[in-house]
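Colleague: I'm new to this one. Could you walk me through it?

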Amino acid sequence: MSEQKTLPAWTRDQIAARVAVDIPDGAIVNLGIGLPTKVANHLPEGREVILHSENGVIGMGPAPEKGQEDYDLINAGKQPVTLLPGGCYFHHADSFGMMRGGHLDVCVLGAFQVAVNGDLANWSTGAPDAIPAVGGAMDLAIGAKKTYVMMDLLTKTGESKLVQSCTYPLTGVGCVSRVYTDVAVFDLTPQGAQVIDIVEGLSFEDLQALTPVALGDAR
Amino acid sequence: MINKITPTIEQALAGVHDGATVMIGGFGGAGQPAELIDGLIAHGAKDLVIVNNNAGNGDVGLAALLKTGRVRKIICSFPRQADSYVFDELYRSGKLELELVPQGNLAERIRAAGAGIGAFFTPTSYGTELAKGKETREINGRHYVLEYPIFADFALIKAEVGDRWGNLTYRKTARNFGPIMATAAKATIASVHSISELGGIDPETVVTPGLFVKHIVKVPRTATGPAGFKQA
């Protein structure tokens, strides 16, 4: 057995819960496909948040009971969902008008890389043999009033995904304002990346050693 | 008398010609007019340009159409899915041209075509590879990319209820691209699950006014199946 030292880190559900804390009552929110969808499970009791999905629904509820799936009522990941009382449907141009027109308060997206200036790369790794697919990522990234990213700080091979400048193809320019990772939460400001939260057991210096981006301590 | 109710899919699709641009509604399986796509396959038109959000799932519907080799080009936002192996193979072997469009630009370009807009500036994709070579402009301090409408010869869409004037309602998120594609095509063909007498659809609930629709074909109701994601 190796005695490899592992960093203290929040679980995916803990990151989701950390994001959920920052979503205010009454917010209209779009949760990106994958990890961000977990945020819906952690919204604090009594907080009313309206979920928007790009394929033409607001007021989206949780997944249906087994056997009650209706595949005419799906989310952006094409999985079956439900509609809460008060929710409604609309066509695609209206749905993306809601994004582009600045009517969504928050969107939470996954990312391959986020640059300190808020640039986001989350749709393509640029690999020459990859089949490109962009979906609604570019519209969401630049449309919502606040674009948050939720990701692990490091790749599987240990490189920081918070970077000085994205090397992967961009999804949007200067659009991300906050990054929630498994070890810390960062605000991206004109003064650079400011740490607003660190996982217990990790020092600021340890965190700084994980990323080439110069960090400020704003806790 | 106006009567857009057409007895068979074959009759509704009779005018489709080789080289046509055909919009097909749907987001994954929801709103995908499977019966009309099967009709298009049976019809045999080739050299088609298809506009859809995705590029088919499994071996049915749009994927089956692609498999016939009669599609020259597809304009879509999200071709790669867990079950898009038909598209993947055609694309990788260079047999199918892809125009990748951010989903909101796809929707707005379709809407613009139907609404008589010559072109529009959108912030989406500014500064990205998908805006390469496109005209840009700074307006009130924000950067925009110029995008042009997407017109179609035909739109095949799935609706819920129709009447002989062509008025349509939809079901849940199966609405998605249907209402805007109906406006952007020279001829829109809608499948419906029920046909109402004129006045039978509450006018407050009509989503697509009949003037956008050329043919309505009634098809049996079948439950929409899962598509587009990895099932546990």
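This is a predicted model: local features need pLDDT of at least 70, side-chain atom pairs count only at pLDDT 80 or more; totals for chains, interfaces and linings use all residues.

Colleague: Which strand of chain A pairs with β1(A) in the parallel sense?

Modeller: Look at residues 28-31 of chain A, which form β1. A:Ile28 stands opposite A:Ile50, and the parallel pairing runs over 3 bridges. The partner, covering residues 50-53, is β2(A).

Colleague: And which residue takes a positive phi in the hairpin of β2(A) and β3(A)?

Modeller: Those two strands pair in the antiparallel sense over 2 bridges, and A:Ser53 has A:Val57 in β3(A) as its bridge partner. The hairpin has 3 residues between the strands. The one with a positive phi, near 100 degrees, is A:Gly56.

Colleague: Moving on to the core, which residue of chain A is listed among those in the largest nonpolar core that touch the most other members?

Modeller: That core has 131 residues, and the list includes B:Met23, B:Leu66 and B:Met181 from chain B. The chain A residue in question touches A:Leu109, A:Val176 and A:Tyr180, among others, leaving aside residues up to four places away in sequence.

Colleague: What about the two chains: which element gives the largest share of the side of chain A that touches chain B?

Modeller: Here 32 residues of chain A are in contact with 42 residues of chain B. On the chain A side, α2 (92-100) and α3 (137-143) each supply at least two residues. The largest share is 5 residues, and it comes from α2(A).

Terms used: Residues are numbered from 1 along each chain as its sequence is written. Chains are lettered from A and ligands numbered from 1 in the order in which they are written. A nonpolar core is a set of buried Ala, Val, Leu, Ile, Met, Phe, Trp, Tyr and Cys residues joined through C-beta atoms within 7 Å. A residue is buried if 20 or more other C-beta atoms lie within 10 Å of its own, exposed if 12 or fewer, and partly exposed in between; C-beta atoms are placed from the backbone. Two residues are in contact if their C-beta atoms, placed from the backbone, lie within 7 Å. Two strands pair if DSSP finds at least two bridges between them. Helices (H or I, at least four residues) and strands (E, at least two) are DSSP runs, numbered from the N terminus.
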